[in-house]
Amino acid sequence: MNTRIETDLMMDDMLSRILEDVRNRYPTALSEPEENPPPAPPLRAEDAVDAIGWDGADEFKLADSFPRTLARMLREKGLTGPKVYNKIGMDRKEFSKIASIAETKTPIKGEVLALAVGMGLSPAEARELMASAGFAFSLSSKVDNIIMYFLQNGEKDIVKIDAALWKQANTSVNTILQRRKGSARSAR
């Protein structure tokens, strides 16, 4: 019993010395907080803009939503929704849901990749369409790299793209589109 009391006393003494050392080294670390600290100055938007180095509001522009970007690109390419969704094997209802501005359904990455292929977009246009849906091409994804290769080379033949996807990634444009039904994961 004496040993336990002695151990407790040693521990108390050691903790007291540690606390004293911390107080000496870092005087404000263990100080008691003020009962009524002064209020922090109000945060101003100008301060935030200055802190990140923006010159003006011109640099802060929201991109168009995915449905608006898709509609604009279809118009610029002279394409119709049915022509594109039939080409890639997308269901009409699924296309309508992601293309409608009134809908709040966000497309999955595979759907956006498939639409980029079906519309025959340039790499820059495909990146813009992907970004409008909140995605980006990934250098670590076989599917992304294969699709980007075909977009860069202006290849619009869905059969050739599917053959390359099947050979290299064991998938196809249609399989990418079906991922929503099985899971919400993005394309590999």
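Trainee: What share of the contacts with a separation of 6 or more comes from residues 24 or more positions apart?

Mentor: A contact list can be split by how far apart the partners stand in the sequence. In this predicted model, residues 24 or more positions apart account for 58% of the contacts with a separation of 6 or more.

Trainee: How many helices and strands are there in the chain?

Mentor: Start with the inventory of elements. The chain has 10 helices and 0 strands. Written along the sequence, the pattern is α-α-α-α-α-α-α-α-α-α.

Trainee: What part of the 188 residues counts as buried?

Mentor: Burial is judged from relative accessible area, and under 20% counts as buried. Of the 188 residues, 30% count as buried. The surface can be described as well: the chain exposes about 13,100 Å², and carbon and sulfur atoms supply 54% of that area.

Trainee: Which residues of H3 are buried?

Mentor: For the general idea, an α-helix has 3.6 residues a turn, so residues three or four places apart point the same way. In H3, the buried residues are Phe66, Pro67, Thr69, Leu70, Arg72, Met73 and Leu74. Their cover includes H4, H5, H6 and H7.

Trainee: What distance does H3 reach from its first C-alpha to its last?

Mentor: The span of a helix can be set against an expected value. H3 has 12 residues and reaches 16 Å, close to the 16 Å expected at 1.5 Å a residue. Just after H3 comes glycine 78, with a positive phi of about 70 degrees.

Trainee: Which residues are buried in H7, and what do they pack against?

Mentor: H7 covers residues 123-132, and its buried residues are Pro123, Ala126, Leu129, Met130 and Ser132. They pack against H3 (66-77), H6 (109-119) and H8. After H7 comes glycine 134, whose phi is positive, near 90 degrees.

Trainee: Where is asparagine 170 found?

Mentor: Look at the backbone angle as well as the place. Asparagine 170 is in the loop between H9 (158-169) and H10 (173-182). Its phi is positive, about 55 degrees, although asparagine 170 is not a glycine. With a relative accessible area of 48%, asparagine 170 is partly exposed.

Trainee: How many aromatic pairs are there?

Mentor: Aromatic pairs are read from two values, the distance between ring centres and the angle between ring planes. The count comes to 2 aromatic pairs. One of them joins tyrosine 85 and phenylalanine 95, with 5.2 Å centre to centre and 45 degrees between the planes, and this pair is tilted. Tyrosine 85 lies in H4 (residues 81-88) and phenylalanine 95 in H5 (residues 92-99), so the pair ties together parts that are 10 residues apart in sequence.

Trainee: Is tyrosine 85 buried or exposed, and is phenylalanine 95 buried or exposed?

Mentor: Compare each value with the 20% cut-off for burial. Tyrosine 85 has a relative accessible area of 10%, so it is buried. Phenylalanine 95 has 7%, so it is buried too.

Trainee: Why is the pair of tyrosine 149 and phenylalanine 150 edge-to-face?

Mentor: Planes over 60 degrees apart count as edge-to-face. The planes of tyrosine 149 and phenylalanine 150 stand at 85 degrees, with the ring centres 5.4 Å apart, so the pair is edge-to-face. Phenylalanine 150 is buried, at 12% relative accessible area.

Trainee: Which residues does lysine 156 touch?

Mentor: Not counting residues up to four places away in sequence, lysine 156 touches Lys87 and Gly120. Lysine 156 lies in the loop between H8 and H9 and counts as partly exposed at 46% relative accessibility. The C-alpha atoms of lysine 156 and valine 117 are separated by 6.8 Å, although the two residues are 39 residues apart along the chain.

Trainee: Is lysine 142 buried or exposed?

Mentor: Over 50% relative accessible area counts as exposed. Lysine 142 has 52%, so it is exposed. Lysine 142 lies in H8 (residues 142-152).

Trainee: Which residues form the nonpolar patch on the surface?

Mentor: Nonpolar side chains can also be found on the outside. Met11, Met14, Leu15 and Ile18 form such a patch, with about 360 Å² of accessible area together. Isoleucine 18 is in H1 (residues 2-25) and is partly exposed, at 46% relative accessible area.

How values were computed
Residues are numbered from 1 along each chain as its sequence is written. This is a predicted model: local features need pLDDT of at least 70, side-chain atom pairs count only at pLDDT 80 or more; totals for chains, interfaces and linings use all residues. Side-chain values use heavy atoms; hydrogens and water are left out. Helices (H or I, at least four residues) and strands (E, at least two) are DSSP runs, numbered from the N terminus. Buried means under 20% relative accessible area, exposed over 50%, partly exposed in between (1.4 Å probe, protein chains only). Contact means heavy atoms within 4.5 Å. Patches are made of residues with over 30% relative accessible area and no salt bridge: like charges are joined within 9 Å, nonpolar side chains (Val, Leu, Ile, Met, Phe, Trp, Tyr) within 5 Å. Accessible areas come from the Shrake-Rupley method with a 1.4 Å probe; for residues, only the protein chains shown count as cover. A salt bridge is a side-chain nitrogen of Lys or Arg within 4 Å of a carboxyl oxygen of Asp or Glu. Rings of Phe, Tyr and Trp (its six-membered ring) pair if their centres lie within 6.5 Å; planes under 30 degrees apart count as stacked, over 60 as edge-to-face and the rest as tilted. The expected span of a helix is 1.5 Å times one less than its number of residues.
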